[in-house]
Amino acid sequence: MAIIQPAALAVVLLGVATINNCNAFLSPSITSSTRQTIPSTTRYQQYESSQQQQSKLYVATPEQTTEEDVTTTSTTTKPQTITANKLPPPPFKKVMAANRAEISVRIQRAATELNMGSVAIYVEEDRYGQHRWGADESYVLEKEESATPISAYLDIPQIINIAKKSGVDAIHPGYGFLSESPQFAQACADAGLTFVGPTVENLNTFSDKTSAREAAIAANVPVVPGSDACTNADDVNAFVDEVGLPVIIKAAMGGGGKGMRVVRNREDLIPFFESASSEALAAFGDGSVFIERFVESPRHIEVQIIGDGNGGVIHLW
């Protein structure tokens, strides 16, 4: 038995497909079982003639299409027309993405899909970023020369001022930055803008992880030993003297792994505390941290809760 290599098999199949396709275009007399030998020039002329008689290329609406127009197709495909007036009304007229990079781009894309205008904010260092050019409008954030680029994205008064001047009616903070800031949510409410996120009350309870711990304890949810917000080395040392090592230092006003350090050796405690506090300040505008007893190899279980502001709430897990 001869073995056909894959490349050769592909050539064979291609040749068969080509022959079959050619047969499909030939006239019935040429493809009949009593096929005659016809010069290639004549065969091409017959093929060209049959194609001219049978094929038409046209664009027509369903009302303009008649049976005479269709010679090779028995069914007519009706084009689907989608217009803006068939879309549901947009929830807002214009939305600001109070964030940067990919997070801002996703917000802008969602706004466009919902037929809403989008506004971006950016610092000079992000002037070539995609999130600046992808929005309908973009505005630069001013900052001191000595300030970090991130600090401008945490400037609540400036962001609110741009939002009001640009005519937005909602601000989406994305995640990180000001997304868990009750002060920012309150500033939006005071300016008559919709904050796309939790209520001020929810943020006051859960944006600060120490108050979230207190709410969990009040609801009889088991928690590991933890501290209140620590602002100095004395608070940190006092907690570790009580519960021992290892411990984990966490940012009190943020998440996403920023401002988080695991301490296994006592000599690392204060340096890790200072670095965690510095990172939290840069990322969330608040350097507060707290400490918990570290759990080795934990199972992380997270439940996302989404509400529509009108009593409808679902959870995702």
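Strand 1 (94-97), strand 2 (117-122), strand 3 (137-140), helix 6 (149-152), strand 4 (170-172) and helix 8 (182-190) are among the elements that cover the buried residues of helix 7. Welcome to a predicted model, in which local features need pLDDT of at least 70, side-chain atom pairs count only at pLDDT 80 or more, and totals for chains, interfaces and linings use all residues. Residues are numbered from 1 along each chain as its sequence is written, and side-chain values use heavy atoms, leaving out hydrogens and water.

**Helix 7**
- Helix 7 spans residues 156-166, and its buried residues are Ile156, Gln158, Ile159, Ile160, Ile162, Ala163 and Ser166.
- Buried means under 20% relative accessible area, exposed over 50%, and partly exposed in between (1.4 Å probe, protein chains only).
- Helices (H or I, at least four residues) and strands (E, at least two) are DSSP runs, numbered from the N terminus.

**Nonpolar cores**
- A nonpolar core is a set of buried Ala, Val, Leu, Ile, Met, Phe, Trp, Tyr and Cys residues joined through side-chain atoms within 4.5 Å.
- The largest one has 27 residues, and Met96, Ile121, Leu141, Ile159, Ile160, Ile171 and Phe184 have the most contacts inside it.
- Helix 7 gives the most to this core, with five residues.
- Ile121 touches (heavy atoms within 4.5 Å) residues including Met96, Tyr139, Leu141 and Ile159, leaving aside those up to four places away in sequence.

**Cysteines**
- The whole structure has zero disulfides, a disulfide being a pair of cysteine sulfur atoms within 2.5 Å.
- Cys188 counts as buried because its relative accessibility is 0%.
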